[in-house]
Amino acid sequence: MADICDDAQQAEAYVLQAALASVPRIDLGPGPLYLDGVVCCRSCQEPICSARIKAVPRCSHCRDCAEEAQGG
Ligand SMILES: [Zn+2]
């Protein structure tokens, strides 16, 4: 009986690992700064636009600062 539970747990762990592995490893820093619950850039402390947060959930900098850091 325990085999069924073990299999389910293993399958779940596998799916989770696969999902994590497929996430692009870009811009993974310490995460953004939260000021009064607002996601803000760690460099300029300006709020990061929601489109960028959606595209890069763990972005720690706004687009301008990220581009500056990349020399662009
Ligand atoms: Zn910034």
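A search of the whole structure, which is a predicted model, finds one salt bridge. The partners are Arg63 and Glu67, whose closest N and O atoms are 3.9 Å apart. Side chains of opposite charge can pair when their charged atoms come close. The cut-off for a salt bridge is 4 Å between a side-chain nitrogen of Lys or Arg and a carboxyl oxygen of Asp or Glu, so the 3.9 Å between Arg63 and Glu67 falls within the limit.

Both residues belong to helix α3, which covers residues 63–69. Because Arg63 and Glu67 are four residues apart in that helix, about one helical turn separates them. Arg63 is exposed, at 54% relative accessible area, whereas Glu67 is partly exposed, at 35%.

**Overall fold**

The protein chain has three helices and two strands. Their order along the sequence is α-β-β-α-α. The chain has 72 residues, and 18% of them are buried. Its accessible surface is about 5,800 Å², with carbon and sulfur atoms accounting for 57% of that area. Of the contacts between residues at least 6 apart in sequence, 29% join residues at least 24 apart.

**Zinc site**

Which residues coordinate the zinc ion? The SG atoms of Cys41, Cys44, Cys62 and Cys65 do so, at 2.3 Å. The angles among the four donor atoms run from 104 to 116°, and the site is tetrahedral. In sequence, the donor residues follow the spacing C-x2-C-x17-C-x2-C.

Cys41 counts as buried because its relative accessibility is 0%, while Cys44, at 30%, counts as partly exposed.

Ser60 lies in the loop between α2 (50–55) and α3. Is Ser60 buried or exposed? It is buried, with a relative accessible area of 2%. The side chain of Ser60 makes a polar contact of 3.0 Å with the side chain of His61.

**Exposure of the residues discussed**

The table gathers the relative accessible areas given above.

| Residue | Relative accessible area | Class |
|---|---|---|
| Cys41 | 0% | buried |
| Cys44 | 30% | partly exposed |
| Ser60 | 2% | buried |
| Arg63 | 54% | exposed |
| Glu67 | 35% | partly exposed |

The classes follow from the cut-offs: buried means under 20% relative accessible area, exposed means over 50%, and partly exposed lies in between.

Technical notes. Residues numbered from 1 in each chain as written. Predicted model: local features only at pLDDT ≥ 70, side-chain atom pairs only at ≥ 80, totals over all residues. Heavy atoms only, no water. Donors = N, O, S within 2.8 Å, 3.2 Å for Na, K, Ca; no water. Tetrahedral: all angles 85-135°; square planar, octahedral: opposite > 155°, others 65-115°. Buried < 20%, exposed > 50% of the residue type's maximum accessible area, 1.4 Å probe, protein only. Contact = heavy atoms within 4.5 Å. Areas by Shrake-Rupley, 256 points an atom, 1.4 Å probe, with all protein chains shown as cover. Polar contact = N/O pair within 3.5 Å; in protein donor to acceptor, adjacent residues only side chain to side chain.
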